Amino acid sequence: MKKIVEKYVELPRNIRKPLWRIWHNLMIKFDRKSPEETFLNYGYAGEDSEFSHFELNKKDAKFKYSIQLYAHTARHHDFSNTDVLEVGSGRGGGASFLARYFKPNSYTAMDINARTVKFCNSFHKAEGLRFVQGEAEKLPFENEKFHAVVNVESARCYGNIPKFFSEVKRVLKPGGKFLLADMIKPADYDAFLVDLEKTGFKVIEIKNILPNVVQALRLDSEQRANAIDNKVPKFLRTSFYEFAGVEGSGRFDAFATNKFGYWSITLEKPA
Ligand SMILES: C[S@@+](CC[C@H](N)C(=O)[O-])C[C@H]1O[C@@H](n2cnc3c(N)ncnc32)[C@H](O)[C@@H]1O
């Protein structure tokens, strides 16, 4: 199991989807007594000044680095009076954070996994926030519905990334923002950007945030390992350390030695 988690990004795309079902089911099982694990990303550590426009309450502060990844990714969008879509919202922590702190008109958070969507709708409450089930490559929304699309650590899972990009462009209003962050293998980076360009987005900013992700994992590893030790049976713990990028795992080392890149990308649909 540990090897499957470690090599996930190298697995054929058609088997990545069923693997998510298994992983979500495990998360639901291990976090059901007092659910609190609502992030599935590696986090971002930056200058405090980057985040001076909000102050986290005590409960949210526990997930500071995962939240900062969302805040960083969304930094070029003014949420007020806008309708926002997130694709690949996972266990909903990022959607809940953006909806509660930046108060868009509506925030629709979509994930492929129906059980996780059900969990999110009962667990996260915020005005305008709803979770729906759907597929990134076939977004169940009308044309030009949203002012922004958020996508954090999810695009790498999709079977057809160019199809996803064209779906994002379809559902965005002219001038709408595409706010993306993900790990990308250096060998795949150029093709990823070419696909984005071909779709016709205008680039606002592309930033290599690998050092910020590695620093976040360093600062958060102890908490991540403790949460796993408290909830996950012993025989599965190394797989979860791998998934969570705990220091010492293959995933952490792959980041720390530049085997993987990590980028935040802000794009705009031309008006
Ligand atoms: C690494 S998790 C990130 C979750 C969340 N964005 C976060 O940062 O906590 C990736 C998510 O993408 C979802 N996903 C994978 N393939 C998908 C697809 N084709 N369409 C929609 N969601 C998908 C998975 O179910 C999973 O919840």
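Okay, so for today, two residues are in contact if their C-beta atoms, placed from the backbone, lie within 7 Å. With that in hand, take Tyr70: leaving aside neighbours within four places in sequence, Tyr70 is in contact with Gly94, Phe97, Leu98 and Val152.

Quick housekeeping. This is a predicted model, where local features need pLDDT of at least 70, side-chain atom pairs count only at pLDDT 80 or more, and totals for chains, interfaces and linings use all residues. Residues are numbered from 1 along each chain as its sequence is written.

Helices (H or I, at least four residues) and strands (E, at least two) are DSSP runs, numbered from the N terminus. Helix H4, residues 64–73, packs on H5 at about 65°, axes 10 Å apart; those axes are lines fitted to C-alpha atoms over the stretch in contact, with angles from 0 to 180 degrees between N-to-C directions. On the H4 side the contact uses Ser66, Ile67 and Tyr70, and on the H5 side Gly93, Gly94, Phe97 and Leu98.

Now the strands, which pair if DSSP finds at least two bridges between them. E1, residues 83–87, runs parallel to E2, residues 106–111, over five bridges, and Val87 has Met110 as its bridge partner in E2. E1 also pairs in the parallel sense with E4, residues 146–152, over three bridges; there, Leu85 partners Val149.

What about burial? Four of the five residues in E1 are buried, meaning 20 or more other C-beta atoms lie within 10 Å of the residue's own, again placed from the backbone.

Technical notes: Buried ≥ 20, exposed ≤ 12 C-beta atoms within 10 Å, placed from the backbone.
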